[in-house]
Amino acid sequence: MEILRSIIDGTGETVSTIFDGLAGILSAGYDPGMLYTAAARWVFIILAAFILLKSIFSLLNSMSPAEVWAYLHIEGARKQNVPITHWENAIGRAGSSDIQIDHMSVSRTHGTLNRNDNGEWSYMDLGSRNGATVNGKKTEPYEPVPVSAGDEIVLGAVKCMLFPVSIEERMNNVQIRKEDTRLLSPWGSFIALTIFQIMTMIQLMVGMGDRYTHSITLAFTGMTVLMWVYFFTLRAMRRRGFEMETIAFFLSTLSLAVMATAIPEKITTQFISIVLGVIVFFIICTYIRDLDRVRKTQIFIYAGAVLLLVFNLAFAVTKYGGSNWIKVGPLSLQPSEIVKIAFVCVGAATMNELFKKMNSLAFTIFSVFCFGCLAVMGDFGTAIIFFVTFLVISFLREGDFTKMIVILGVAFVAGLMVLRFKDHVAARFATWGHIWELADSSGYQQTRMLTAASSGGLVGVGAGEGWFGSSVFAAQTDFVFGLITEEWGLIIAVLSVLAIITMAVFAYRSIWAGRSTFYTIAACAAASIFLFQTILNVLGSCDLIPLTGVTFPFLSAGGSSMISAWGLLAFLKGADTRQDASIAVKNVMKKDDMFTDRINSAAPEERRDPEDEEA
């Protein structure tokens, strides 16, 4: 009892001392707003670390479940049942084939064996030397042929037969998928983000003073409502994976704070862009769930992207040396940002489409057209992003290093021509590495950005308390990393970069368990855009590489950029095969596998395994 009493007495004295200290500070004339900022800066760090690190670790620790969808029985000197772990499979003699058949009558890449989301399988011959037959009927090159349970597929001189997994194994797959899926509860992150948004409003009131407007309150309140409406909508659809959206909502919240600091009169426009971005994200997630629909409508995506770029060339407004803006009344639109979404969508393809030369030729022609339009516009930064994305997509489609070297060589020559004929691009290269010598001319923005960032330290000076956002041109776009570092601190700025890197790592890891090449190529392409834009924005503004004038995904101000970022995020969600994690992925657990049902409902003598007959 004496110990307990001493603890209580000691606690009481400590609390009393704290209140006495606060009373002394207030009586000494300290501004309550200054006290709030001093305390809130540390709370913001704690909340940001909790929100972002929780999502980052969840994505890094996630496992894309490896599942067996069927078995291919291969006859020969050594009979075998090969498990099929992908929806799209290349069959051939090459070691790189998903299903390798070591027989001289089989071509290196003989054909493909694919499954759709209804559980139906098909075989497509790739113009193999010895051809293929299904139930004795010769297949035509590049024409998919349906394969039913027990059908005989002959590749060259090798007989094969497709068998489904048993009901027990299918249920075991479901159980494994559940066990491999690790989804953290999103409640804590969303509640913490809501607190972050409310505290940010208060901080902006304190920091901005008379510059604070009611539109800032409405924008942040609307952001909170939008976030929770999205959350409950997806919960109603039985989806539980929110890590990527949490990161996007957090960065979008910072984007509103950036706009409030730099251009408060346009914060409503920025909030509307975020709403439109979430809607576009939702639409694309729904759209890519059906790959047959994507394949049939890609021609319209090509046409729409071409029309956007042609319209841009015809009616562009020249800004900052580039003609990549269109004025629509009081609004400005950057078509190239929207075309990024189309570029990824038409660049990705299912395995059957990858082997069709016309498909690759169409994408290459479209890419060259995009590069040409961007060159005419003078948009050097966006052209680099498109080029890097083209390299990523081309390599994933073909895996040809020699072709990549040739493309890089041509690009190098094109880059030299750009430096020769585009004065504003050459000027940026001339400034690179000499910003302090040119601090009052071409290095003005970067030197001021570095000065402001250094004054922010680890925790920042507080939202609305900095000078950089309202004093330097493009602080909210090209130099947003400096604004964030000044007002929010280096810790939050670095966490924002790590969040983008994490999404790129997640996309890379999705390759090994992707159900379709479309999803894996699209995810890696979208991630490459996010990652490369972030590199160009951060390192360029810090003078570590030449300044290119591109935005930081989700973080920079700009309606077109925000809509594009949310649209590209949908392709990353399409690669997330964890159970109930993504709206962009159909839940195959809740849908009967038609192929399995058909074989299991057949008569016993019709569904015997060939090895059982041998026994």
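Modeller: Gladly; contact here means heavy atoms within 4.5 Å. The model is predicted, with local features needing pLDDT of at least 70, side-chain atom pairs counting only at pLDDT 80 or more, and totals for chains, interfaces and linings using all residues. Residues are numbered from 1 along each chain as its sequence is written, and side-chain values use heavy atoms, leaving out hydrogens and water.

Biologist: Which residues does Leu569 touch, not counting those up to four places away in sequence?

Modeller: Leu569 touches Met244, Ala248, Phe281, Met503, Phe530 and Phe554. Leu569 is also among the residues with the most contacts inside the largest nonpolar core, which has 132 residues.

Biologist: What makes a set of residues a nonpolar core?

Modeller: The members are buried Ala, Val, Leu, Ile, Met, Phe, Trp, Tyr and Cys residues, joined through side-chain atoms within 4.5 Å. Helix α6 (residues 243–262) gives the largest share of this core, 13 residues. A second, separate core of 21 residues includes Trp121. Helices are DSSP runs (H or I, at least four residues), numbered from the N terminus.

Biologist: Why is Ile501 called partly exposed?

Modeller: Buried means under 20% relative accessible area and exposed over 50%, with partly exposed in between (1.4 Å probe, protein chains only). Ile501 has a relative accessible area of 35%, so Ile501 is partly exposed. Its place is in helix α18.

Biologist: How much of the protein counts as buried?

Modeller: Of its 615 residues, 52% do.

Terms used. Helix = DSSP H or I, 4+ residues; strand = E, 2+ residues; numbered from the N terminus.
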